[in-house]
Structure formats: C-alpha cells, structure tokens
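Work through these exercises with the structure open beside you. Try each task before you read its solution.

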Amino acid sequence: NESVDVVVRPEDVDIVPTNEGMLCGTVTSVDFLGVHYEIIVDIGGFKWMIQTTDEHFVDDKVGLYIEPDAIHIMKKSEYSGLYGDYSSYSEELDHLSDIVEEE
C-alpha cells in the first residue's frame, strides 16, 4: 500500500501490427537520430516515446508490445513527476505533460 512509479524504457517497447499489440495507437512524430528512430505514439491522449531501428511514419496505426520483464516497479521518489517523463525534448515532447481539460 505505497506509491510506486511504473517505468518502461523507450527501447523496451516493440512496435508491432495492431492485432499483435497490447496497446494500439497512432504515430504522431518520427525523428531519426542516426542510429535509431525516436517515435511518439498517441494512445487515447497518452503519448509513449519509443526508440526503435524500424522505420515508421506519422499517422501509422501501430500496436505496442512490452515484455513483462521490461516493466519496472520502483518506489516513488521525492522527484517523481517534477521533471516530466522524458530525458530529451522535441517540440511535441515539451507538451506531453500538459493537462488538457476535456469538454
């Protein structure tokens, strides 16, 4: 009965066909960083950053698969939620933590 952070590293998320995914969403951003792509996938308004060597395109419908061993449960830190969800920034990443009120 204590607060925890659930952490999945961007390189531990596999992009798969939608019928094979645990979650399904739409690619909203693709940046090639020389060795890998950094891809943002929107799943119901929650945005996931994935690092992959496979090419995908904006507006692709994709599935996400996460090996259970890749899900890390950590005690909540005093710094949790203070610095955003990502260690690198792009125009879209800057706004991932913005709260948008639905009508």
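**Exercise 1.** In what order do the five strands of the open sheet lie, and is the pairing parallel or antiparallel?

*Solution.* Note that this is a predicted model. Step one: read across the open sheet, and the order is S2-S6-S3-S4-S5. Step two: check the pairing, which is antiparallel. Step three: find the edges. S2 and S5 are the edge strands, since each pairs on one side only.

**Exercise 2.** Describe how S4 pairs with S3 and with S5.

*Solution.* Start with S3, residues 23-32. S3 runs antiparallel to S4, and six bridges join them. Val27 has Val41 in S4 as its bridge partner. Now turn to S5. S4 covers residues 37-43 and S5 covers residues 46-52; seven bridges link them in the antiparallel sense. Ile43 stands opposite Phe46 in S5. Finish at the turn. The S4 and S5 hairpin has two residues between its strands, and Gly44 in the turn has a positive phi of about 60°.

**Exercise 3.** Where is Arg9, and is Arg9 buried, partly exposed or exposed?

*Solution.* First, locate Arg9: the loop between strand S1 (4-7) and strand S2 (13-16) holds this residue. Next, take its relative accessible area, 48%. Exposed requires over 50% and buried under 20%, so Arg9 is partly exposed. Last, compare sequence with space. Arg9 and Gln51 are 42 residues apart in sequence, yet 8.8 Å apart in space, C-alpha to C-alpha.

**Exercise 4.** Over which residues does pLDDT stay under 50?

*Solution.* Begin with the chain: its average pLDDT is 82, and 76% of the residues score at least 70. Then find the stretch under 50: residues 86-90.

Note on methods
Residues numbered from 1 in each chain as written. Predicted model: local features only at pLDDT ≥ 70, side-chain atom pairs only at ≥ 80, totals over all residues. Heavy atoms only, no water. pLDDT = per-residue confidence, 0-100. Contact = heavy atoms within 4.5 Å. Pairing = 2+ DSSP bridges. Helix = DSSP H or I, 4+ residues; strand = E, 2+ residues; numbered from the N terminus. Buried < 20%, exposed > 50% of the residue type's maximum accessible area, 1.4 Å probe, protein only.
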